[in-house]
Amino acid sequence: RRLAREALLVLRAPLLLALPRLFVIGAQKCATTTFHNELAARYDFSGGVAGWRGKVHEWDGHGFSTGKEHHFFDVKERVAKGLYYFAEGFGVPCDDAKARLLFDGTPNYLADPSAVSAFVNLYGEERLSQSLFVVVLCDPVQRAQSAYYHLWDEAKDTPFKEFVQEHAAALAPGFHNWDNTSGFGEWSDTHVRDLFVAGLYDEQL
């Protein structure tokens, strides 16, 4: 078994170098998809395979992933699998010319402190110093409104202004904590807070 594990590491070792050095880390609902598409179309950058294992939109029980948003550093179960697992999401050998044009466009990274810690622990100082982090921002209230209409069915029946007034209590002082584990579904105070926490750019930067 030990020899088998060592042989597997040797076979997978080149993938460890085929890691993105460009990250579009946020903010969510601030045209990061447009930015991603422009990079891919105009400059031949690649977001990797569509989903972790070639699916257009994949849910593995811990989070979703696409060819744009890998959601690796903000999902602890994926982080625990290490950089080999992350590299497999791009599928580019280290000696391929395209290896230098890989990027991950997960906009949740900016608002999630756990993602920052994962970057530091897994990428290390040298690799981080050679990486570029891009942040695309927009008006935080408009960002929250866009997320509201995009993510939840309730938005079809309740205008954003009325929704904010109805859930104002959830936005009391002390709501500055992003919760990436709450998931989506019926509204809760956590969901309401997350709409606006993602727009607290000063704290995140």
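Author: Let me begin with a term: two strands pair if DSSP finds at least two bridges between them. Helices (H or I, at least four residues) and strands (E, at least two) are themselves DSSP runs, numbered from the N terminus. What you see is a predicted model, in which local features need pLDDT of at least 70 and side-chain atom pairs count only at pLDDT 80 or more, while totals for chains, interfaces and linings use all residues. Residues are numbered from 1 along each chain as its sequence is written, and side-chain values use heavy atoms, with hydrogens and water left out.

Reader: Okay, which residue stands opposite D104 in β4?
Author: That is F23, which stands opposite D104 in β4. Strand β1 (residues 22-26) and β4 run parallel and are joined by 2 bridges.

Reader: And what is the order of the strands in the sheet?
Author: The order is β4-β1-β5, an open sheet of 3 strands with parallel pairing. Because β4 and β5 (132-135) each have a single partner strand, they stand at the edges, and one side of each is left without a neighbour in the sheet.

Reader: Switching to rings, how many aromatic pairs does the structure hold?
Author: There are 19 aromatic pairs. Rings of Phe, Tyr and Trp (its six-membered ring) pair if their centres lie within 6.5 Å, and planes under 30 degrees apart count as stacked, over 60 as edge-to-face and the rest as tilted.

Reader: Where do F45 and F103 lie?
Author: F45 lies in the loop between α2 (32-43) and β2 (58-59), whereas F103 lies in strand β4 (residues 103-104), so the pair ties together parts that are 58 residues apart in sequence. F103 is buried, with a relative accessible area of 0%, while F45 counts as partly exposed at 21%. By those words I mean under 20% relative accessible area for buried, over 50% for exposed and in between for partly exposed, with a 1.4 Å probe and protein chains only.

Reader: What about F72 and F73, are they buried or exposed?
Author: Both F72 and F73 are buried, and they form an edge-to-face pair with 4.9 Å centre to centre and 90 degrees between the planes. They also belong to one aromatic cluster, whose members include F23, F119 and Y123.

Reader: Where does α5 bend?
Author: It bends by about 95 degrees at Y123, the bend being the angle between axes fitted to the seven residues ending there and the seven starting there. Helix α5 (residues 113-129) spans only 19 Å between its end C-alpha atoms, whereas a straight helix of 17 residues would span 24 Å at 1.5 Å a residue; the expected span is 1.5 Å times one less than the number of residues. Among the buried residues of α5 are Y123 and R127.

Reader: Last topic: how many salt bridges are there in the whole structure?
Author: A search of the whole structure finds 2, counting a side-chain nitrogen of Lys or Arg within 4 Å of a carboxyl oxygen of Asp or Glu. E38 forms one with R42, the closest N and O atoms being 2.4 Å apart, and E69 forms one with K68, where the closest N and O atoms are 3.0 Å apart.

Reader: How far apart are E38 and R42 in helix α2?
Author: They are 4 residues apart, so about one helical turn separates them. E38 is partly exposed, with a relative accessible area of 35%, and R42 counts as exposed at 60%.
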